[in-house]
Structure formats: structure tokens, C-alpha cells
Amino acid sequence: MKKGTVYLKFILAYLIFALLGFFAITFLTSDWTFRHLASKKAETLYNEANLIATQFGSHYYSKQMTFSEVEAQLRAVDTFLDVQIWMTDATGKIMLDTRNTWTGTVIEEFDPAAIGAKQYQTGRYYNLFSQDVITVSAPITSSFRTKGYIIIHSSVDSIEREKEELLRISYITLLVIFLLSLIILVIFTISVYLPLKKITEAANEYASGNLKHRLKVKGSDEIGYLAATLNYMAYELNKSEEYQKKFVANVSHDFRSPLTSIKGYIEAMKDGTIPYEMQEKYLDIVIFETERLRKLTSSLLTLNSYDTKKTLLDIGTFDINLMIKNTVATFEGVCNPKKISFVLTFSNREQYVTADIGKIQQVLYNLIDNAVKFSYPNSSIQIQVTEQNEKVFISVKDSGIGIPKDSVSKVFDRFYKTDLSRGKDKTGTGLGLSIAKEIVLAHKENIDVISTEGVGTEFIFSLAKAKES
């Protein structure tokens, strides 16, 4: 889609609205205003015509007033209202014209009833005027008979001038409205359009692979929240991308070393560099390296199953104390030569938890295996089970080399090994603690580590306490 299309449509709609508003006032409002003013003017003139016909016209025909007296009164009204007043007889002969223009003229085809129910008519009134006028008429009655008519004419120019004054106010009001709406448009541009434009540009940057681009849009509204979310997304994606690169590098390194050893020893045996009587020794090394590859592959598959969120937990109830005892027993062959002992502390004789027994056993095995690898000879590993509220906490604590302070937060990262551990852990894949963490998180529980360099390390994880039946 073409950039800025929506905004241009918005601007175009604003301009169209302005033009329509202008034309509405120019044509519709102008016509409605004229009609309204003409109607009001005609109503005033019609009332005045009826008043004159009753007070002066009727009195003239009833001999209560002379013609001169009537003429004087009508001229006074003319001066006051700025209108032209006629008094005619029943046939349409103009007996009196306050402007002395048509006195004595007979109006041809005179028919006051031609306007129907309307109180007034506009036009040139039988072509007697050179410009449009508003005309009203009222009958003069005497002895229950129509003797004549009072006809009042008012120039349309006065109404036009009044209409223009009102329209001028309307135009000013319209201009103020458009200026205010223009301010709103500017505010909309600054607070909505420009941030959205920046967000669009940032999305294009992310789509092109530039995940280090940062969106500089501040605010506490939905747009600011969207910008912050996009920045966080880009940060996480960039971190994930860097992690993937590091992950691939680590996998390549951990695969390359045993593969190089296997290839080198087999080629040496094949070309006779290693004599036949020594081949068994090097075949054992090849088998050892092959086992390292198997363990590494198995661990990667395990982690991948958690990453894809496809692993299903076989939740059941079991005694965690018994599991710990059985798991510890499997390490006797490794611990006896190093004279490493286990100290088991249980808050209850039996402690039942709700979890996947196979996967929790793997967590325990990985944590104990890690403790054994980094413990000094003639030391002890303490395993403690405590109960608190609806949780059971399992602690595995060694008194080994410990973890440097700057490495504590990284021990659960895949392939991570501290510098202190590299000389001791010859067979590890660097994935055991990562697997343990993924399993615990899959149970919606927590695992944490406390360590002091040269003193020891303690891993603590929680499980749900089994409900009593």
C-alpha cells in the first residue's frame, strides 16, 4: 500500500468538509435565512396593514376621518417603517400612494386573493416596480363590505442587507470552526500520525532484519504502549537471534571436538599409525566420545521438546523423599572413590508431591550430578526437603568450588560453563541445568540458585504439595 495514503485521505476529507461547509452556508443557509427574514418582515407588515385598514381605512369609509387625515397617518407610518403604502378601492385604483408615485393608477387584473393562503408575495407587483419588493395587503371593510385595500411594499434590499450581516457572522463562525479543527488536525498529526509513521518505519526495519533499531515514541497512551511493546519485541528477538548464533556456535564446538577425536583415531588405526595391540585403548576413547555425542544429542532433543511446548506431563502423586533416596543411591559408585557423602534432611517421614515422576527424577539427577562434579573430595552434599503452605521445597547444596558472582545468573543458560568448571567438567554437555529449569517451569514452579565462590552452591526448586485424600 502506498505510504501516507490514509493520512492523505484524511486531509482530503477535511478539505472537502471545508468546501461543503462553505457551499452550504453560501447557498442553503443563504436561501433559508432570506426566507426566514422575509417571513418575519412580512408578518410585521401584515399586522401593520391590518391595523391601518382597521383604524384608518374603515374610519375613512365610515366618515370618521377625512382623506387628508388618513393620508397624514399613512405618511407617518411610511416614515417610521420605511415602507411604501397604498390605499386602493375595491377595483384596484390607487387612491393614495405615500410616495406619490402611482396615485390614480388602476392596477390591471388586480386580484388580492391571488396569493392564496400566503401572507405576502415577492416580486415586482404587477411590474409596477423596477426591483423586487415584499408586498402584503389587508382589506378595508365597512358595513360588512370590502371597500378597498391597504397595500404595503417593502424593498427586498433591506432584507438582503440583514441577510448578509447574518451570513457574515456565519462565515466567521465557520472560519473559527475550521481553525479549531485545523488545530485538532495538527494535534492528531503530532500525537497519532507521526508516531504511527515511526512505528511503520520501525516495523519495516524489523522486517528487514535490523532488530537493533529503537522506536523513539514516548507516551502513556495506547500508541506509547504499542511503541514500548515493539521495542521490547525487537529487544527479545535480537536477544533470541544472538542466542541462536551463540547456540549454534556452542553446538558446533561441542560436536566438533569429539568428532575430530573419533575421525583422527579411526584414520590412525586405518593407516597403521596406531599399532594393532594399542587399538583397543583408542577404541575405548572412540566409544567414550561417541557416548558424549549421544548424551549431547539426547539433551538437545529434550530441550527442543520443551521449546516447542509439545511435551505433555504425566502428572501423578509420589513420595519425593523416597525418590531422593533412590536417586542418591545411584551415585554411590561415583562418590565413594572421592569420599563424598550425602546428608538427607526431611521435614516429614513421607512427603507426597504432585508432578511428573520421571521428569522430576531427571531434575534431581542433574542437580545431584552437578553437585558431585564440583564438590571437593571428603566433602558432603546436603539435600533438604521442607514444606511451606501448599508447596514443597527441595534443596541440593554442595560445599564445592562455587560459582563466580557474575556467572550466577547464567548457570541455566544452554552450554554455559563457568571458567572455574572447565577444568573439572570434562564430560558435561552444559545442558543439564537448562533441562532442569525447563522441566520445573513446565510444572509452573520455580528454581533458583545461591552460590558463593569457594564456599559452595545451593539449588532450590519447588513442587506442588499433594492434596490429602
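Tutor: One term to start with. Buried means under 20% relative accessible area, exposed means over 50%, and partly exposed is in between. Also, keep in mind that this is a predicted model.

Student: Where does Ile315 sit?
Tutor: In strand β6, which covers residues 315-319.

Student: And what does Ile315 touch, apart from its neighbours in sequence?
Tutor: Thr354, Ala355, Asp356 and His443, leaving aside neighbours within four places. Val353 is 38 residues from Ile315 in sequence, and their C-alpha atoms are 9.9 Å apart.

Student: Let's zoom out. How many helices and strands are there?
Tutor: Nine helices and 12 strands. The protein has 469 residues, and 38% of them count as buried.

Student: What about the surface?
Tutor: The protein exposes about 28500 Å². Carbon and sulfur atoms supply 57% of that area.

Student: Now helix α1. What span should it have, and why?
Tutor: It has 57 residues, 5-61, and at 1.5 Å a residue they should span 84 Å. The end C-alpha atoms are 79 Å apart, so the two values agree.

Student: Where is the kink in α1 centred?
Tutor: On Thr29, and the kink is about 35°.

Student: What comes after α1?
Tutor: Lys63 follows, with a positive phi near 70°. Lys63 is a residue other than glycine. Its place is in the loop between α1 and α2, where α2 is 67-81.

Student: Is Lys63 buried or exposed?
Tutor: Exposed, because its relative accessible area is 74%.

Student: Which other residue has a positive phi, near 55°?
Tutor: Ser143, again a residue other than glycine. Ser143 is in the loop between β4 and β5, where β5 is 145-155. Ser143 is exposed, with a relative accessible area of 60%.

Student: New topic: rings. How many aromatic pairs are there?
Tutor: The structure holds 10. One of them is Phe22 with Phe23, an edge-to-face pair. Their centres are 5.8 Å apart, with 65° between the planes.

Student: Are those two buried or partly exposed?
Tutor: Partly exposed: Phe22 has a relative accessible area of 39%, and Phe23 has 42%.

Student: Give me another pair.
Tutor: Trp86 and Tyr125, also edge-to-face. Their centres are 5.9 Å apart, and the planes make 65°.

Student: What does that pair tie together, and why?
Tutor: Trp86 lies in strand β1, residues 84-89, and Tyr125 in the loop between β3 and β4, so the pair ties together parts that are 39 residues apart in sequence. Both Trp86 and Tyr125 are buried.

Student: What does the side chain of Thr135 make a polar contact with?
Tutor: The side chain of His153, at 2.9 Å.

Student: Now Val396. Where is that?
Tutor: In strand β10, residues 391-397. Val396 is buried, at 1% relative accessibility.

Student: How far is Val396 from Glu458?
Tutor: They are 62 residues apart along the chain, but their C-alpha atoms are separated by 5.5 Å. Glu458 is also one of the contacts of Val396, with others including Leu367, Ile381 and Phe459.

Student: Last one: Ser379. What does its side chain reach?
Tutor: The backbone oxygen of Tyr376, at 2.4 Å. Ser379 lies in the loop between α8 and β9. Ser379 is buried, with a relative accessible area of 11%. Beyond residues up to four places away, Ser379 touches Lys339, Ile340, Ser341 and Ser399.

Note on methods
Residues are numbered from 1 along each chain as its sequence is written. This is a predicted model: local features need pLDDT of at least 70, side-chain atom pairs count only at pLDDT 80 or more; totals for chains, interfaces and linings use all residues. Side-chain values use heavy atoms; hydrogens and water are left out. Helices (H or I, at least four residues) and strands (E, at least two) are DSSP runs, numbered from the N terminus. The expected span of a helix is 1.5 Å times one less than its number of residues. The bend at a residue is the angle between axes fitted to the seven residues ending there and the seven starting there. Rings of Phe, Tyr and Trp (its six-membered ring) pair if their centres lie within 6.5 Å; planes under 30 degrees apart count as stacked, over 60 as edge-to-face and the rest as tilted. Buried means under 20% relative accessible area, exposed over 50%, partly exposed in between (1.4 Å probe, protein chains only). A polar contact is a pair of N or O atoms within 3.5 Å; within protein, one must be able to donate a hydrogen and the other to accept it, and residues adjacent in sequence count only if both atoms are side-chain atoms. Contact means heavy atoms within 4.5 Å. Accessible areas come from the Shrake-Rupley method with a 1.4 Å probe; for residues, only the protein chains shown count as cover.
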